[in-house]
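Please look through the structure below with its charged side chains in mind, and then follow the explanation paragraph by paragraph.

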Amino acid sequence: MPTLTVNGRSVTVASDATILDAARAAGVEVPTLCHFDGLEPWGGCRLCVVDMSQANWDDDWFKVVTACNHPVKEGMTVVTDSERIIETRRVVLDLLLARCPDTPLVQRWAREYGIEKTSYTPNPEPDDCILCGLCTRVCDHIGVSAIASVNRGWGREIAPPFNQPPPDCIGCLACAEICPTDCIPYETSNSRRQIWGKEFEMLRDPETGEAVITKEQSEHFAKRTGVPMSYFETSDRSKRREMAKTFEKLSVFDSGARQ
Ligand code: SF4
Ligand code: SF4
Ligand code: FES
């Protein structure tokens, strides 16, 4: 288990930990935009940059690295608030504010770093997508990969192939739910769901009538896990009821056995 210092605080972490994990363990906050625990780190937004020096480097030699995907090493020194780190984060946020001038999340972070207005030419067509890649990565993670990042420059965006309803999308809403700026529109009701221009029929819990999941989602998860589709089509309320009934039976059996 490597021991390192983060802003002068000594911390020991698991050998597969990242600098971000070590900073959190040391109680040091490092800002992130494209990181989500449980998803493979990507290192795309560059907001989590820190200064890092290895044990065998000269004392004054530090390298700027992204904390979310950089592994820790024994004797490493990490500084999260040096002048050049704050300046690097300011540039990242300034550029992001130019792309997304009206997005509250970006405005909030920019303000934290003293930026009220971008110093670059603002995007002529302001967008709320910060290109964090969380939506595409979560879609890959569930084994679907229905959407991707397309185009370049101002025109870069997240979209399904040929901007058509994606044939592979299972309507799970994971992309919309993970999006930090809530910029993926969708509609969902007790009978239908719509996302990325694709329509889905909702499957309902046979007991409660609640819409639980799309048919495509149920089929996908059943195929991946080997668990019967009926499990995914049962609402949490029904599952809790079944569990309560089981506990009731067990306690009757238990008290009978004790008499
Ligand atoms: S709703 Fe479609 S695009 Fe979004 S994560 Fe689920 S499968 Fe992927
Ligand atoms: S749509 Fe949302 S989750 Fe996807 S890249 Fe843009 S901001 Fe990130
Ligand atoms: S959080 Fe590390 S690069 Fe985005």
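**Charged pairs and their surroundings**

Arg99 counts as buried, with a relative accessibility of 7%, where buried means under 20% relative accessible area, exposed means over 50%, and partly exposed lies in between (1.4 Å probe, protein chains only). The model is predicted, so that local features need pLDDT of at least 70 and side-chain atom pairs count only at pLDDT 80 or more, while totals for chains, interfaces and linings use all residues. Residues are numbered from 1 along each chain as its sequence is written, and side-chain values use heavy atoms, with hydrogens and water left out.

Side chains of opposite charge can pair when their charged atoms come close. A salt bridge is defined here as a side-chain nitrogen of Lys or Arg within 4 Å of a carboxyl oxygen of Asp or Glu, and a search of the whole structure finds seven of them.

One of these joins Arg99 to Asp127, with the closest N and O atoms 3.1 Å apart. This pair links distant parts of the chain, since Arg99 lies in helix 2 and Asp127 in the loop between helix 3 (104–112) and helix 4 (134–141), 28 residues apart; helices here are DSSP runs (H or I, at least four residues), numbered from the N terminus. Asp127 is partly exposed, at 25% relative accessibility.

Another salt bridge connects Arg90 with Glu87, whose closest N and O atoms are 3.5 Å apart. Both residues lie in helix 2 (residues 83–99), three residues apart, which is about one turn of the helix. Arg90 is partly exposed at 28%, and Glu87 is partly exposed at 44%.

Methods. Chains lettered and ligands numbered in written order. Helix = DSSP H or I, 4+ residues; strand = E, 2+ residues; numbered from the N terminus.
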